[in-house]
Amino acid sequence: MNPRAVTASFKQQAIQFMADPQWIIPSIVSPFLFTMVMLYIHQDVTGPVVLQAVLGGGVLGMWANTIFASSFTISYDRMNGTFESMLLSPTKIFDILIGRSIWNAFIGLVNALLVFAIAEMIFRTGVSLANPIGFFFILALTLMSLASFGMLISTAFVFSRMGRFFSSVAEYPIYVISGALVPISALPVGLQHISYLLAPSWGVDAMRYAAFEGYGSMMGTSLLTDIIMMVMLSIAVLIIAYFIMNKAERAILSAGSATRY
Amino acid sequence: MTCPEYAIVAEGLTRTYGPFIPGSAGKVAVDGISFKVRKGEIYGILGPNGAGKTTTIKMLSTMLTPTSGLAEVLGMDVRDGKNIRALRKRINVVSGGERGLYYRLSGRQNLEFFADLYGIPKKDQKALIESLLSLVELIEAADIKVENYSRGMKQRIHIARSLINSPEILFLDEPTIGLDPEISRGIRSLIKKLSDGGTTVILTTHYMFEAEELCDNMVILSRGRIVGKGTVDDIKSSISRVSSLKIITEEDPSDVTASLCRENLDAVTSRLLNERYLTKITLNNADRAFTAIEDLFRPYAISSVGVEEPTLEDAYLTLVNEGL
Amino acid sequence: MFAYADSLQVIAASAKNSFINRFTSMHPALWLIQLLITSFFAMYFFVILSEYIGNPEITVAFVVIGNAVQSVAATTLYSVAEIPGVEKHTGTLGAIIQSPSSLFSVFLGMSAFGILTGIVAMLMSLCYAAFVFGVSFASCNFVSVGVILVLTCLSLTGFGMIIGSVGIRLRTAAIMANVFAYIGLLISGVNFPVSYLPGWVQTISHCMPLTYAVEAMRGAVAGAGLISILGPLSAMVLLGTAFIILAWVSFRYFEKASRRNGNTDSF
């Protein structure tokens, strides 16, 4: 890994992000609206319900941000004509994507906090976390697991220019299987299996342990199992992403398809 | 004020951009320029980047409202909103560059779309588009998506698009920028052909030979102002007829060169590889008769004498730099 | 309404352009797959959410029909609103303005693709409602459904065009469209009755054609004929007409403004 390339691409992604307010939709507006919809359907709005809805909305925002930002990041370079210069540079695309994914994950955290703050302002239920320090530790880990998942998505788009297709198709299915608003245990068994393969699903369960007093896991696992599963799955995803990337870089050079979009 | 002889009459044309408070001073892109373009002529607008060429074209082609001044195009005032539709039917614009086309449509589909936007009757479209495609030599590539076109092909389809309404005035903003010499030549001969057919052409370019080859008349802009105007010869002679005299001698004439320099003439002698000496003397107007200078060099065994007249590029650079 | 005799030609050409343009960038089969997946999961997400929460007032049929209508907002509104911004991005907006045809006609024509997408999305969603989520269409009044479908698409096209016209000037039109598309989920009675909302939000709800479309559609599926849903239908016609007129005015305004500011090609 090349730390300088990672920092540079983190910074570049940050500037790009601030200049284009498009991200507000998937990261803030939609999760906020989903949180509100959940609360309105609920009617009986108490502290734990708000916490669950807000937690769910926040995680949805983190997910949405990962999917949108990761599938667009390379497409955007293709459109701008900067993808070729990236390939030409001695830096590995993988390192550039690491920097960008870390930024995207970081923004996911900002989203989660914003959704939380807005909902708290509206409902004023005085939500409290059972174990705040543990919660933020797990939240950070979950963000890392999302970043690694984002890497996997981004690498796929080194091959393809269908970023937009993917992000629009993946949005709602991910909302369903993420276990964020509706716990995984409420899903049909087939979908549950897919959820178990996603590192962030374990992260959400772990966060609930830290958020709710006396939480009985919705995945039927202990807090420690949740954390181990999340870390292991994240590492596995990163390794897969790395191999895809090496293949993709070679494929694109032989196909000469870097400038099309 | 309407002169049927002129396609365009601009008087004191001015355009200011921003800032956002009306009335306060912004950047003056075009500063009170006046010129007239005869029907059927090729008129050049020359100037460095940011001189106001594109802004002028935008104003004349109804795409930008002048801040002040007057512009009549085909006898119609461009400031009057009522004229815009009528005018747009009779003019067209080509901007240089690769944008401005539907990349995912073929060349032919691009032309069909714009034919409809210009209200060309369906029954005439097929023949018209075919003739335009053949004019720009894109018949074979007509059904390929524009994203697969080379830069030259994109520029030619741009030109074909701009001819869809058989415009009386065609504005060409740097039409040969970034194109190879052969394609550029093809485009220049196309421009001449259009002009011969009666189309008035307004051309901006950075290539002096292009302006020299094509333009009947031209203006040179610098920082939004006109610094030169007229035919190529007018412009050349407007820079105080600077010429340079080159004398090659068998022996070293440094003494004479030094004495000329004392008379404030710009003279330099250099030694050539073949053991001869080249002296270059820049002369303003008829500072001194050529023959008199030639006589001074005779003792050094002159092998050749030549006079270099200023090029359009010399004139352009002088005018633009004076304008700064 | 149209100041120019050639408007029909312009609208038809622009419609054709929008289809070629979209279907060459995305194969029609892929487009259908995208719609099949998104309309299903958008609906399914809210179904499991409401089932999980278990509010007795909110049945599966309620959520499913609401989201079937919302699918038009999510597709038509967005794809209509993004057009001017996209034209600006490709650099073709200048050439369009330069032509003697009116921007309104061009963009109305280019909305054709978005309208088709909306119709297909709603039809798919209604099929999901019937065959996956078991909503009974036994007493459904299909004439009413057809009329609602057309009116929903038209009013959202008008609304999308108003937002889109802003895209001639600003980069944010697509974002605004998206915000409105999502807000529909919350304030138009898609997932829960409008009456749950605070009074002032309800006032906004009643300015949105989607609110009436959802209400009318629930009636039509239950068997209501055109006469009994005349209220929401006429509200949609009224709002739709108002939107189209406003869109026309807005395009005229931005067309003129672009001449004053000369910013047709920055993006």
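1. Chain A of this predicted model contains 10 helices and zero strands. Read from the N terminus, the order of its elements is α-α-α-α-α-α-α-α-α-α.

2. Of the 261 residues in chain A, 56% are buried. Among the contacts in this chain between residues at least 6 apart in sequence, 78% join residues at least 24 apart.

3. The note now turns to the contact of chain C with chain B. Chain C contributes 38 residues to this contact, and chain B contributes 36 residues. The size of an interface is often given as the accessible area lost when the parts come together. Here chain C and chain B bury about 3100 Å² between them, and carbon and sulfur atoms account for 51% of that area. On the side of chain C, the residues C:Gln98, C:Pro100 and C:Arg259 provide 28% of the area buried against chain B, more than any other three residues.

4. The elements of chain C that give two or more residues to the side touching chain B are helix H1 (7-25), helix H4 (83-90), helix H5 (93-98), helix H6 (103-110) and helix H12 (230-261). H1(C) gives the most, with 10 residues. By residue class, the side of chain C that touches chain B divides into 11 nonpolar, 19 polar and eight charged residues.

5. The number of salt bridges between chain C and chain B is two. One of them joins the side chains of B:Glu112 and C:Lys16, with a distance of 3.3 Å from N to O.

6. A further point concerns the cysteines. Across all chains, a search of the whole structure finds zero disulfides. C:Cys140 is accordingly in no disulfide, and the nearest cysteine sulfur, which belongs to C:Cys127, is 11 Å away. A disulfide would require the two sulfur atoms to be within 2.5 Å.

Key
Residues are numbered from 1 along each chain as its sequence is written. Chains are lettered from A and ligands numbered from 1 in the order in which they are written. This is a predicted model: local features need pLDDT of at least 70, side-chain atom pairs count only at pLDDT 80 or more; totals for chains, interfaces and linings use all residues. Side-chain values use heavy atoms; hydrogens and water are left out. Contact means heavy atoms within 4.5 Å. Buried area is the accessible area (1.4 Å probe) that two parts lose on being put together, summed over both. A salt bridge is a side-chain nitrogen of Lys or Arg within 4 Å of a carboxyl oxygen of Asp or Glu. Helices (H or I, at least four residues) and strands (E, at least two) are DSSP runs, numbered from the N terminus. Ala, Val, Leu, Ile, Met, Phe, Trp, Tyr, Cys and Pro count as nonpolar, Asp, Glu, Lys and Arg as charged, and the others, Gly among them, as polar. Buried means under 20% relative accessible area, exposed over 50%, partly exposed in between (1.4 Å probe, protein chains only).
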